[in-house]
Amino acid sequence: MTAVNLRDGTKLPADMVIVGIGIRPNTSLFEGQLTLEKGGIKVNGQMQSSNSSVYAVGDVATFPVKIFSETRRLEHVDSARKSARHAVAAIMEPEKTTEFDYLPFFYSRVFTLSWQFYGDSTGDVVHFGDFLGNSFGAYWVNKGHVVGSFLEGGTKEEYAAIAKITRLKPSIEDLSDLETQGLGFALTLSDKPEPSEAVVVGSGSGSTLATEKPLHVWHATAGVILAASIAAFAYWYGRRRRRW
């Protein structure tokens, strides 16, 4: 092999080619029955299609990505797992399940090498880190805000930091300053306390402000309870199936 011939006639010299072809969802079964969009089945924030009795998850679902205010179809195991979990919750407890609020996430691990990407790869890209070493990354800045982040060779805390600032979408005035700060920008910003809500004790005019608790505490508690409920139902259903 000496080259790759492109459709437009261009030849790219190459000794070896790695092809990542991805997938194409087979939605032909649902044409004329469900609303299709962007190559997938269009669903709402509960993963519910245009037929309220049909839910779609994973690569075949085109769902609202709230952080970017648009619908997208994502092809990754993380999206598939979390959208499936959300659909089950919406089916079992629709009145308690909020809209799916997913931060696009992609990752890969090969032996000791790993990287993680969050958000969107649009706008200006700002690189940082040691490209000859094991740790480097990039931010994507679109319309003055961070919309995407990538990190190779990070720690658990560093990956969590770039995920958090991508969701926060902080404003950026100077790209060169962002490049200078590099990963430190995400680590510093992620250390800032999260918004909190007031917890009121008592009722009526005698109510007093007792304390403030981070919102994520309540979210985590609700998530644990929901996950336990789903697991219990799956166990019960599995035992019933075996009896049948």
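Which residues in α2 meet which residues in α4? The views below concern a predicted model, in which local features need pLDDT of at least 70, side-chain atom pairs count only at pLDDT 80 or more, and totals for chains, interfaces and linings use all residues. Residues are numbered from 1 along each chain as its sequence is written, and side-chain values use heavy atoms, with hydrogens and water left out.

**View 1. Contact of α2 with α4.** Glu158, Ala161, Ile162, Lys164, Ile165 and Leu168 in α2 meet Leu183, Phe185, Ala186, Leu187, Leu189 and Ser190 in α4 (contact: heavy atoms within 4.5 Å; helices: DSSP runs of H or I, at least four residues, and strands: runs of E, at least two, both numbered from the N terminus). Nine nonpolar, one polar and two charged residues make up this contact (nonpolar: Ala, Val, Leu, Ile, Met, Phe, Trp, Tyr, Cys and Pro; charged: Asp, Glu, Lys and Arg; polar: the others, Gly among them).

**View 2. Crossing of α2 and α4.** The axes of α2 (residues 156-168) and α4 come within 8 Å and cross at roughly 75 degrees (axes: lines fitted to C-alpha atoms, for helices over the stretch in contact; angles: 0 to 180 degrees between N-to-C directions). α2 is therefore roughly perpendicular to α4 (under 35 degrees: roughly parallel; over 145: roughly antiparallel; 65 to 115: roughly perpendicular; the rest: oblique).

**View 3. The open sheet of five strands.** The order is β7-β8-β11-β10-β9, with antiparallel pairing (strands pair if DSSP finds at least two bridges between them). β7 (105-110) and β9 (124-129) stand at the edges with a single partner strand each, so one side of each has no neighbour in the sheet. From one strand to the next, the twist averages 15 degrees.

**View 4. β9, β10 and the packing of α4.** Six bridges join β9 to the antiparallel strand β10 (residues 136-142). Val126 stands opposite Tyr139 in β10. Helix α4 (residues 183-190) packs on the sheet, touching β9, β10 and β11 (145-152), and its direction makes about 70 degrees with that of β10.
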